[in-house]
Structures are given as C-alpha cells and as structure tokens.
Amino acid sequence: MKPVRLAILGLGTVGGGALKLLQENAAEIARRTGRDIQITHVGTRRPRPDLNLDGIAQSDDLLSIVRQDNVDIVIEVIGGTSQAHDVVLEAIRHGKHVVTANKALLAEHGNELFREAEQHNVQIAFEAAVAGGIPIIKVMREGLAANKIEWLAGIINGTGNFILTEMRDKGRAFEDVLKEAQQLGYAEADPTFDVEGIDAAHKLTLLASIAFGIPLQFEKVYTEGISKLTAQDVNYAEELGYRIKHLGVARRLAHGIELRVHPTLIPESRLIANVNGVKNAVLVQSNAVGPTLYYGAGAGAGPTASAVVADVLDLVRFISTQNSASYVPHLAFQPDALADTPILAADQMTTAYYLRLDAEDHPGVLAEVTSILSRAGINIDAILQKPAQDQGHVPVILLTQPVLEAKMNDAIAQIEQLAAICAPVVRIRLETLDS
C-alpha cells in the first residue's frame with residue numbers, strides 16, 4: 001500500500017518531538033498500522049539543523065502546505081487561535097485529516113471545526129490537547145463509553161501544580177516559585193494562561209463535552225487562578241488534613257452542569273491530592289465502573305509527541321480501512337444528539353468551603369460569625385483558631401459543609417461588615433471527591 005503522507009505545521013517542542021518520534025519508531029509504527037508514514041512537508045519559520053529534514057519540503061506558507069495533493073494528514077502544533085483556525089479550516093476543506101494539540105483552538109472554535117470536519121468526511125484528532133501523555137480523551141470517548149459519567153476532577157495544568165507543590169513542601173511564596181518555574185521552562189514569560197486557570201479551563205471544556213455530550217462552551221467555565229494563594233493558607237489546609245490543588249471540576253446535576261476551575265482543598269488521603277510537581281491527573285466518576293484515576297506527564301516534548309503520534313496512527317488505520325463503523329464522534333456522542341443542558345452560573349454551584357478570617361482578638365467575634373453562617377443555613381465542619389499575629393489580629397479558619405455559592409456570597413458579605421473583621425475573607429472551595 002502507498003504510504004500515508006504527513007505535514008507537520010510547527011517545529012517547536014511538540015512538533016519537533018513528533019517528527020523525531022515518527023522517524024525513530026518508523027518500523028514499529030508500520031508494524032502497528034500496516035502502512036508506512038511519509039513526512040512530505042514541514043511548516044516552519046526558522047531553520048532546524050538539529051532535525052533530520054532530508055527529503056522534506058520546508059515552507060512558512062502554511063496555507064499552501066495544507067492545499068498540497070501529497071498531504072493526507074496535517075499535524076497542527078503552531079498554537080494560538082487565529083492563524084491555527086484558518087489553517088485547520090483550510091486543511092479540512094481540502095479533505096485533510098487533522099491532528100492538533102491546540103486546546104485553546106478547540107475549546108473556542110471546536111464546534112465550528114468539528115461541524116466542518118463532519119461535512120467533509122475527515123477527522124480531527126486531539127488527544128494531545130488535554131493532559132499530554134495521559135490518553136484521557138481515548139479513555140473517555142471509548143473506554144468509558146458504556147458508562148454515564150457523573151463528574152470528573154482534574155489537575156490539568158502542570159505549571160500550577162508545580163507551584164502549589166513547592167509552596168506546600170518548602171513554604172515558599174507564590175511569586176518566588178513562579179520565577180523558578182519560568183527559569184525551568186515550566187511557565188511562560190507571561191504566565192497568565194497557566195496561573196489564572198485559562199489553560200485548565202480550555203482543557204476542562206473539552207473533557208466536559210466528551211463526558212456529558214454537550215457543545216463546547218468555554219465562555220461558561222467559571223475560572224479562578226492561584227496567584228492570590230498564600231503559603232499561610234497552604235499550611236493551614238495541611239494542618240486540617242487537606243492539600244490545595246488547582247482543580248478543574250465538571251459535574252452533572254439534575255438542574256444543570258457545573259464547569260469550574262479554581263484552587264481546591266482535597267483530603268490528603270485522596271490519591272489525586274498526592275499528585276505533585278508538573279504531573280497531571282484526572283479522576284472520573286462513572287455510574288458502572290465507579291471512580292477511575294489517570295495519572296502521568298501532562299506536558300513536554302516526549303509525552304505530548306507520544307499523544308500526537310498515537311493520533312496519527314489512529315488516522316492511518318482509518319484511512320486504510322475507510323470503515324465508517326469504526327468512527328468515534330469527535331465529542332463521543334452523535335453530533336445531532338448533543339444536549340442543550342444548561343451550564344450553571346457560579347452562584348448556583350454547590351461546594352464546601354475553607355474560610356479564613358482575620359479578626360480582632362476579643363470575645364464574641366466567633367459567635368457573631370457562626371451566627372451569620374447559621375442564619376444562612378451553612379453548617380460548620382471544623383474550626384481552627386491560631387495565635388494572635390501582627391497587630392493582635394487572630395486568624396480563624398472554618399471549614400463548612402456544602403452550600404449553594406449564592407448563600408455563601410451573602411454570608412461573607414455580612415461577615416466582612418463586622419467591625420472586628422480586619423480584612424476581606426479568604427475563601428477556597430473544598431471537594432471531598434467522594435464517589
């Protein structure tokens with residue numbers, strides 16, 4: 001059989017890693033697919049003398065590449081959402097299958113791109129877009145297809161997890177660890193996407209759509225970053241038996257779906273609470289199999305290239321058989337069966353809470369606070385009062401039972417009006433992740 005012909009757009013960390021992997025494992029890949037894979041084009045703006053590009057056409061005109069007749073599959077790893085959108089759309093309209101690691105592109109434009117792909121009878125494969133080397137897309141689309149997924153929770157940004165691990169283990173400040181993460185290459189010069197939860201929200205958008213059979217709705221994900229977390233709160237959480245993780249949570253309820261990314265206290269006994277450094281993990285609760293946890297490297301040349309090349313292999317098999325019976329819908333559910341289930345607004349979500357109050361050290365303050373919570377129907381699970389700090393202020397930490405966020409917002413507003421409360425209340429959500 002003729003080889004399947006491939007174009008790689010972008011020769012950065014992931015693109016270069018994919019090219020090397022395809023070349024190094026060519027014989028093994030051919031044994032798995034029954035076809036050779038020929039890289040005919042690469043799209044790059046700068047020379048890459050460290051890569052073996054013999055016999056491969058090189059150009060910075062990406063639109064021209066995807067129009068070529070000797071390209072069957074396009075790997076898009078240029079990043080961003082503007083140029084990538086135009087290039088992927090052009091590839092689809094020229095009958096090319098697409099492999100992408102671009103979670104922002106799919107979270108923001110996936111509904112359009114998947115619709116175009118279906119109309120042109122091509123596939124978009126995107127395993128590498130979420131959690132790097134962890135095959136979570138294939139697991140949820142295929143391995144858990146017999147299940148009704150109830151909720152999922154994931155550590156899906158390695159940069160944030162590295163920062164929180166260092167803050168917990170070494171008592172370091174957020175700003176200090178962020179600088180090291182940038183020096184190590186874990187964080188970009190502008191770290192906003194990582195530390196403010198935007199990257200995780202892109203990934204959660206994809207996971208939630210596959211889990212629940214809903215259109216991609218990135219704009220409705222509640223997103224909160226970790227830049228305001230202090231080592232003080234990380235340490236108090238530890239004292240109470242919890243660890244703080246930057247968690248993406250998607251939960252199906254009778255009246256709608258919660259989509260949220262935020263710092264979260266998790267019981268230290270949970271396996272996912274012990275995922276450290278730059279590693280990722282996704283915990284999925286399904287009605288038949290119960291809880292399953294997927295762990296591994298969430299970024300880097302090797303893990304992400306592994307996911308990209310695995311997608312290429314799937315597409316080669318699809319091209320070889322042209323067997324529509326083997327087709328798995330992009331978002332796991334038939335396109336005309338996607339549900340219009342509402343996405344809940346933040347104040348309609350329900351979680352437990354960690355609250356830290358900075359209070360004056362005199363009798364009756366705690367009674368006033370607990371009275372406000374009681375009137376709001378908020379039950380307290382634990383109270384931790386620390387010795388007086390600077391200026392005689394006393395840190396008071398409360399853990400609550402789950403409550404509607406709207407009720408908590410009202411209660412916090414009342415607490416902050418008390419004369420004895422010296423600073424805004426620190427609020428961090430808490431998830432037990434019980435099945």
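The following exercises, with worked solutions, concern a predicted model.

**Exercise 1.** Determine where K203 lies, whether K203 is buried or exposed, and which residues K203 touches.

*Solution.*
Step 1. The residue is located first: K203 belongs to helix α10.
Step 2. Its relative accessible area is 6%. Buried means under 20% relative accessible area, so K203 is classed as buried.
Step 3. Leaving aside residues up to four places away in sequence, K203 has contacts with K103, A129, V130, A131, I156 and N157.
Step 4. The record is then consulted: an unreviewed UniProt entry places the feature "active site" at K203.

**Exercise 2.** Identify the buried residues of helix α6 and name elements that cover them.

*Solution.*
Step 1. Helix α6 spans residues 136-143, and its buried residues are I136, I137, V139, M140 and R141.
Step 2. The cover over these buried residues includes the elements β7 (149-155), β11 (279-286) and β12 (290-297).
Step 3. Helix α10 (198-212) is also part of that cover; α10 is the helix in which K203 lies.

**Exercise 3.** Describe the second largest pocket by its volume, its lining and the domains that contribute to the lining.

*Solution.*
Step 1. The volume of this pocket is about 290 Å³.
Step 2. Its lining comprises 13 residues, and those nearest the centre are E224, G225, K228, L229 and R427.
Step 3. Sorted by class, the lining has six nonpolar, two polar and five charged residues.
Step 4. Strand β17 (residues 426-430) supplies the largest share of the lining, three residues.
Step 5. Domain 2 (136-297) and domain 3 (350-430) each provide at least three lining residues.

Methods: Residues numbered from 1 in each chain as written. Predicted model: local features only at pLDDT ≥ 70, side-chain atom pairs only at ≥ 80, totals over all residues. Heavy atoms only, no water. Buried < 20%, exposed > 50% of the residue type's maximum accessible area, 1.4 Å probe, protein only. Helix = DSSP H or I, 4+ residues; strand = E, 2+ residues; numbered from the N terminus. Contact = heavy atoms within 4.5 Å. UniProt positions renumbered as here; feature names shortened; annotations may be inferred. 1 Å grid on protein atoms, 1.4 Å probe; cavity = no way out; pocket = protein on both sides within 12 Å on 5 of 7 lines; lining within 4 Å. Points joined across faces, edges and corners; volume = space filled by probe spheres on them. Nonpolar A, V, L, I, M, F, W, Y, C, P; charged D, E, K, R; others polar. Domains from an automatic or database assignment.
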